[in-house]
Amino acid sequence: MSQATKELLARSLKEQLLTTRLNRVTVSGLTAHAGINRQTFYYHFADVYDLAAWVFEQEIANHIMEHASYDQWADGYRKLLRYMRANMEQTQAVMNSLSHRRRDTFFLGQFRLMMEAIVTELEGDIVLSTVDRQFIVDHYASIVHGHLLRWLLTEGQEDPDVLVTKIQKVLHGSVRDALQRLA
């Protein structure tokens, strides 16, 4: 029931965001729209921004992991940036409502999961120590995370297609090379 209630509130928020800015959405409006009481809302979320952050994190996490392979990561990253750019007002509102620690922990964690899948796919018969393998995962996750933060600081001014193509060209083949060098 708890997950279903969160998803009901998430749908309500998304519907309200079609016509209302995030800073104008109220708990009363959300709960009335969802057909639940305010206490139920506060059982799950501290405020509207907490709900918005949860929705954002769920959608981003699902999106990143749907493309967690060597052949698909760039397409997934490109789609993620396009989504964020198309919804920049809501993206910035959510980003501004999160602490830097929560934002970075979330994104870096998601990019680590993505890179973990890619490293697993590419390592084949290469044998690395756990520490070296984790270093490679963290290194490449940090690169992707850093580009995302820089892109967000400019409010998505750089075209996602151009940015991701550049990142993809620079990184092409380097993960496998790094695995071989540290082996």
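Phe56, Trp73, Tyr77, Phe106, Phe107 and Phe111 make up one aromatic cluster. Rings of Phe, Tyr and Trp (its six-membered ring) pair if their centres lie within 6.5 Å, with planes under 30 degrees apart counting as stacked, over 60 as edge-to-face and the rest as tilted. By this rule there are 8 aromatic pairs. One of them joins Trp73 and Tyr77, a tilted pair at 6.2 Å centre to centre and 40° between the planes. Both residues, Trp73 and Tyr77, are buried, that is, under 20% relative accessible area, where over 50% is exposed and in between partly exposed (1.4 Å probe, protein chains only). The ring planes of Phe106 and Phe107 stand at 65° with centres 5.1 Å apart, so this pair is edge-to-face. Phe107 is buried at a relative accessible area of 0%, and Phe106 at 13%.

A word on the model: it is predicted, and local features need pLDDT of at least 70, side-chain atom pairs count only at pLDDT 80 or more, while totals for chains, interfaces and linings use all residues. Residues are numbered from 1 along each chain as its sequence is written, and side-chain values use heavy atoms, leaving out hydrogens and water.

Follow Phe106 to Glu57 next. Leaving aside neighbours within four places in sequence, Glu57 is in contact (heavy atoms within 4.5 Å) with Leu98, Arg102 and Phe106. Glu57 is buried too, with a relative accessible area of 12%.

Ile64, His67, Trp73, Gly76, Tyr77, Leu80, Phe111 and Met114 line the largest cavity.

Key: On a 1 Å grid over the protein atoms alone, a cavity is a set of points where a 1.4 Å probe fits but cannot get out, and a pocket is an open set with protein on both sides within 12 Å along at least five of seven lines; lining residues have an atom within 4 Å of a point.
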